[in-house]
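Here are my notes on this model, as numbered points. Please read them beside the structure.

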Amino acid sequence: MSMEISITRNPQPVDDARLAEILADPGFGVHFTDHMFTVEWTPERGWYDARITPYGPLTLDPATAVLHYAQETFEGMKAYRHDDGSIWSFRPEANAQRMLRSSQRLAFPELPVEDFVQAVDALVEIDQRWVPEGAGEKSLYLRPFMFASEKFLGVRPSQHVTFMVIASPAGSYFKGGIKPISLWLTEDYTRAGRGGMGAAKTGGNYASSLVAQQQAISQGCDQVVFLDAQEGTYVEELGGMNMYFLYADGRIVTPETGTILEGITRASIIELAERLGHPVEERKFAIDEWRDGVRDGSIKEIFACGTAAVVTPVGRLVWEGGEVPGATEGTGELTGRIRQELVDIQFGRAEDSFGWMHRIC
Ligand code: PLP
Ligand code: COI
């Protein structure tokens, strides 16, 4: 069953000249489209009042639960314009399913997969002029999110929930474009513990990463890498990306600890790499394997991936008292190849043999 979505068009959409200026250099997450999608939930009514309205600020009571207890979850995905002008998203059901898993962890009601996809499609369709031409890998970043909108200071699952989708044209996530990022290994902070929220995409995980990310910057690094909370031994992920290690024998290892965010890019790269003849091991990966593997040359390439950042080569790893260089200079051959294959599928320049692309309009 599909949702009934009411539409109120923005009477003052951004004019064409300003839009062209924005799309020429969109940055990341700074400009927002003319509309937004909203649907609300209560136990009595279920999901109700699905609507697209002009983009604008929300009015929230100061006692709104999300502001106090951070009951929220979000997704990150993109809409891509193909050369023929059509607009597509990448595995939207996978994002919808991950939001369902996050929702369960955050004690939220379940938003059906088809409603999630319909909401995203409806917003992209009405704001389609905001989807940049694909040259330079620009896209429209989509941010579905759900939050506890009940006015109540008691600690329990919110009895009023709001799900929204907003959209923002995006260029490269990293200002420097595609070049190896340096990583700071935090031994002071962890991202997620056993039984915690590591596998859910929820704001609290990002809030807890900020001070570690600040430390990374002050150490002259681009991003922070987290270890597991229990033993402080196993590599988990970056603040917003999963990781891969290519060995000289062709194997690829990607960390799996049960407390990482299971990226949709990560899952896709596993399939792409296996098709290219690289077996992928999803397993615990000790930080010493990284240090030793770079030093003895058995690790050939290291890269990180995520929707916002796509595929990014990883350079040096720095920790309190030491560092190892990147496994390669610049972008490794396989890193570049996987990145290109993925981006070519997303932008419709290569055959979508996995059936990952979803046409929006
Ligand atoms: N890990 C974290 C913590 C993230 O925030 C993201 C980004 O969404 C990822 C991994 C990569 O996930 P995906 O490929 O689904 O974007
Ligand atoms: C994404 O890649 O979509 C992310 O969510 C990473 C970051 C922007 C939070």
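**Notes on the predicted model**

1. Leu58, Leu60 and Leu67 make up a nonpolar surface patch, with about 260 Å² of accessible area together. Nonpolar side chains (Val, Leu, Ile, Met, Phe, Trp, Tyr) are joined within 5 Å, like charges within 9 Å. Areas are Shrake-Rupley values with a 1.4 Å probe; for residues, only the protein chains shown count as cover.

2. Leu60 sits in the loop between β3 (46–54) and α2 (66–69). Helices (H or I, at least four residues) and strands (E, at least two) are DSSP runs, numbered from the N terminus. Leu60 is partly exposed, at 35% relative accessible area; buried is under 20%, exposed over 50%, partly exposed in between.

3. The model is predicted: local features need pLDDT of at least 70, side-chain atom pairs 80 or more, while totals for chains, interfaces and linings use all residues. Residues are numbered from 1 along each chain as written, chains are lettered from A and ligands numbered from 1 in written order, and side-chain values use heavy atoms, without hydrogens or water.

4. Domain 1 spans 6–170 and domain 2 spans 181–346, by an automatic or database assignment. Their C-alpha centres lie 27 Å apart.

How values were computed. Patch = residues over 30% accessible without salt bridge, like charges linked within 9 Å, V, L, I, M, F, W, Y side chains within 5 Å. Salt bridge = Lys/Arg side-chain N within 4 Å of Asp/Glu carboxyl O. Buried < 20%, exposed > 50% of the residue type's maximum accessible area, 1.4 Å probe, protein only.
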